[in-house]
Structure formats: C-alpha cells, structure tokens
Amino acid sequence: MSTQAVAFDWLPQEVMENIAFFAATTTDVGPPSDLLPLLLCCRSTYHALSLDTHPHLCARIFKYKFDLSAAVRRLGQQIATPEVLSKELRKRFVYLRRIRTRTDSQLCTPDTSNSPMVGELLWLAYLMMLENDGKNDKQLREYAGMEQWLMEYWFDDKGASLASKTLSEDQWPLDNEHNSLAMWLFWLFLKPDRFERTERSYRTFATVLKPTALAANKYNICHAPWEDFVPRSCLLEPSFINHYSNTYQLTPPTMAIPAILSYLSLVGPLVGSTRINYKGPHAPISFPSSELLNDSFEWEADWQRCMNLAENPLASQFSGAYKVGSLQGVWEGVFTYTEFTTYAALLSGRSPSILHNCMVAQHRQTWKLREYHLTVSSGTDCISGGAKSQSLGSGDPLKAFFPSGIRIHEHAGTAEVHEPGKPAPLSYTQPSAYGVENRGFECPEIQDIIVIGEGHSAWGQFNVIGRVRPCDGFVSLLKEYAEGDRGQWLYRGYLVGGINGSLSGRWRDTLSASNANGYEGCFVMSRRR
C-alpha cells in the first residue's frame, strides 16, 4: 500500500487530475461519486485532488455533466471561471439529490409549498431547461427523476402545489411563482408515451389542467396588461435569482400558457363530458420534441422575456423576447370553446366544479401567415422604413392594436400601411427581403412587426391581421370570418420555444370591453412540418 502511495506522489499533477477527471466522468448522469474511492486511497492523493482546492478540476467535470454554452451566450464569459463553475457544480447536485429524494414534491408541513428552497429548486430546473443542449435534460430526467417529482407535486393528494387539496375543497389552484415554474416544467418534461391512455389518467390530468387552462378570469396569460401595446410596468414584482454565483432579476412566466399546452395535448382531444366512453386521446397536438428541447437557441426569446419583464419601466423596443420571422409560414392547431351559459356562470363567480363536467368542444384550424417589419436603419447601406419619427400608432386592443381606418396593401415581399392622418404610408418588409435571419446581420433595427394572413376552420374562411408587442413578444391576432355571421375574434398568446415551437394562448370575443372579462377559449397552433 505504501509503495502505491509513493507512486501516486511521484505522478505529475496534470496526470493526477486527468485520472481524477476520468474517474469522475465514468457515468454521464449523477454526481462524480466514482471519484470518492480515488480520494480516499491516501492522504497525499486527497490533498492533490480535493475538489475544495482544485476548481479547475471541478470546472472540467461541470462542462462534462452540464450544458454551458447558452449560459455564456446570455450572461457573459465571466460566469465560466473555474471558481464559479466549481460552486455551481456543488449547488446543482445538492438540488438534484433533493429532487431525486422527493423531499419537496409533497406537502409535509403547512409551509412546504412556500419554502424558499422549493423556489430555488424550481428556478434552477427551469433555467437548466432553457439552457439545455442535451446534458441538462438528461441530468434532470434520468438522475433526478424530475418527471416523477412533478407528477407528485401536481397530482398527488398531498402534492406541494396544493392543487388537489384546493380543488377537493372547490377552490381554485394557487396561481403563484412556484406553481408557474412547476407547470412550465411539467410541459417541458411531457412525453406522450409515458402515460396510460385510460379514463383514470384522463381524470387525473383533467382535474388540475382543465380549470387552469379554461378559467381566463382567474389565470392571466401575460404579466403585463394585455390591453397595453406599450405597457409601463409588469403586474408582478421580479424575483432575485442566484445563478452562476450572480444575482439576476427575473419575472417567472405565467402558469396559464403551459397549462393550455398540457391540457390540449393530454386531454383536449376528447370532446364533451368525461362520462363518455374513453378511447384515449388522438395524436398529441404539440408535445415538445427532443429537437426543440435540446437546442438552447430555441429558448432565447423565453429567457429574454423573463429578463425584460423584470425591467422598470418596460422596454418600448424589440429586445430579444421575440425572434423576427418566427410567425412566417403555415400553422395548424385547434381552438376550444365551452358552453356559453357555463362560461357566463364562471364569470359570475362560480367555483371550479362548474368546469369539471362541462362540454368542451374543439375545432381544427389552419393559418397561413406573412410577417412584415418596419425597419429603421442607422446607416445608409440598410433598408429603411422611413424617418425614425414615423411609426404606426397604437389602436384598440380588441382590434389587435391597429388604429381605426387603416388600409394595408400587400406587394411582393412588402406591405404598405396607410394610417389616417399620416402624410405617407409606412413600408413594411418581409424578413427574407433583407436577410435578417442570417446570424450576425445586425442591421436594420426592427421598429414594428405586423402579421397578415388567412385561414380556414370548420366555421369557414377567415382573414388574420396582428401585431407583436415589443417588450415581451406578446402576439395579438384579429381573426375575421369572410362570410356569414361568425364575426371577429381576438387571439392573444406567446410563441413558446422559438421558430419551431408552438403559439399558445386564448381567444376572446371583441364585443365585450377590453377592460372587462369576455367570452374566452384556448388555442394552440404548431408550424406545419
């Protein structure tokens, strides 16, 4: 034994650290537990390789176990120092072990649901998924068992979300930061082949997801007032989040959007009462694909939205919460609606039980959308939409923020917008006309984004016009049927997951005042593959 110890003493430090690295990375997932026997072989080896005094070794292990490129891209190179990564490695495996042991998924004490530890755990998991390029998802899914944690959190009778408890008392599930993050994680980890297609499974999911998705008067789809095109501030105070040893102000996304995505994917395809013969759902509408989840570039806008909504005042220009060109193309999906009398009773203050057995009908629809940008250039070589002072005014939110009396004329790759009272039309251009999608092309500056299109559903043909809100990428689309008395409907929501993601949110009638609750339903649209 002494001979072996002496042999280790004579090995160069670089060789020792390489041995330690390969011992620590014998498995892709889980902590570097195979390093422990090496550290315990003798005192000199322990001192030579102790993680406490060798941050460079910790940093190498971190880069092997977790994704780092997205964090560096968004936060800067200063978060990738050995000292920072060493601390982050320890922190992550503390929380991953906590998830693995289900310490916080169930309600053990009355204060569990509001525990700061739960908030830190959920923020870490959510940010890891926004930064995921394959490794983060693997650690959370395969080592920590995040899926099982979330199932207990949401659907167990003692789940820490309190959803089952509150619904059993005919009260609404809590709309708070913890539940918002947990609902997003549930959607991100959703896999259709993991669930049995039985009536029991249907009832389990519908009990929690249905009221959260359908009750528009209880669960907002955005934190900034939806009726303001340039809101001054967010309705929710930002959270201070420690990430890579730095503190950031972030606003969590709303719970309604992932609840709608999950509901329509898992239980939405069943039309009508749950008392009907259950035959299992149709093909899923839009589960997150592995290609989408494992490409952190797809989640740039979702990350930036959390950052932007924490600012005060909110930005009035486009600053990363929406990737230009994302709505261009053909979209397919569904919209749902409930019986009008049921929804009227809901708006009158009825409890969640009214939604449990109500009829929820749905129709498929197809949109063909064209996206146009008003651009302002700082240099002479770029395309310009006119002087910087020229812009489209903000109109009625029920008309997708278009001013009254506007006229839009489309040409090849461009659209002219005539606003009453303006001396000249505004010239909007499609993204492909100036190569804005080419990475590194920073000119021109986007001042405004409008969307024009048409589509069809079982109710007939319709036209679509809309705008994208600069501060958070909130999309408002006015859908007007071409014939008959189907009228106009306002679709509002977010693009989840970038250009290959889903557009999810709620539609509402345009007859009710914008500051009053209207008749609303859900929708999800995915790009035609």
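A salt bridge here is a side-chain nitrogen of Lys or Arg within 4 Å of a carboxyl oxygen of Asp or Glu. With that in hand, let's walk through this structure, which is a predicted model.

The side chains of Glu169 and Lys165 meet at 3.3 Å, N to O, so the pair falls within the 4 Å limit and counts as a salt bridge. Both partners are partly exposed: Glu169 has a relative accessible area of 46%, and Lys165 has one of 40%.

Now turn to the strands. Arg370 and Glu454 form a salt bridge with an N to O distance of 2.8 Å. This pair links distant parts of the chain, since Arg370 belongs to strand β4 (residues 360-376) and Glu454 to strand β8 (residues 445-457), 84 residues apart. Arg370 counts as buried at 18% relative accessibility, because the cut-off for buried is under 20%. Glu454, at 30%, is partly exposed. Strand β8 also carries Asp448, which pairs with Arg467 in strand β9 (residues 460-468), 19 residues apart. Elsewhere, Arg73, Arg74 and Glu300 are linked in a network of salt bridges.

Next, the helices. Helix α12 (residues 177-188) packs against helix α14 (residues 256-266) at an angle of about 35 degrees, their axes 8 Å apart, and the crossing is left-handed. On the α12 side, the contact is made by Met183, Trp184, Phe186 and Trp187, while the residues from α14 include Ile257, Pro258 and Leu261. Nine of the contact residues are nonpolar, two are polar and none is charged.

Met129 sits in helix α8 (residues 116-130) and is buried, with 1% relative accessibility. Beyond its neighbours within four places in sequence, Met129 touches Asp137, Leu140, Leu185, Leu188, Phe189, Leu293 and Trp299. Asp137 and Leu140 are among the buried residues of helix α9 (residues 135-143), as are Asn136, Gln139, Arg141 and Tyr143. After α9 comes Gly145, with a positive phi near 70 degrees.

What about disulfides, and how many are there? A search of the whole structure finds zero. Cys234, for example, has Cys471 as its nearest cysteine sulfur, 8.6 Å away. A disulfide would need the sulfur atoms within 2.5 Å. Cys234 counts as buried at 15% relative accessibility, and Cys58 is buried as well, at 1%.

Notes: Residues are numbered from 1 along each chain as its sequence is written. This is a predicted model: local features need pLDDT of at least 70, side-chain atom pairs count only at pLDDT 80 or more; totals for chains, interfaces and linings use all residues. Side-chain values use heavy atoms; hydrogens and water are left out. Buried means under 20% relative accessible area, exposed over 50%, partly exposed in between (1.4 Å probe, protein chains only). Helices (H or I, at least four residues) and strands (E, at least two) are DSSP runs, numbered from the N terminus. Axes are lines fitted to C-alpha atoms, for helices over the stretch in contact, and angles run from 0 to 180 degrees between N-to-C directions. A crossing is left-handed if the near helix is turned anticlockwise from the far one by less than a right angle, and right-handed if clockwise. Contact means heavy atoms within 4.5 Å. Ala, Val, Leu, Ile, Met, Phe, Trp, Tyr, Cys and Pro count as nonpolar, Asp, Glu, Lys and Arg as charged, and the others, Gly among them, as polar.
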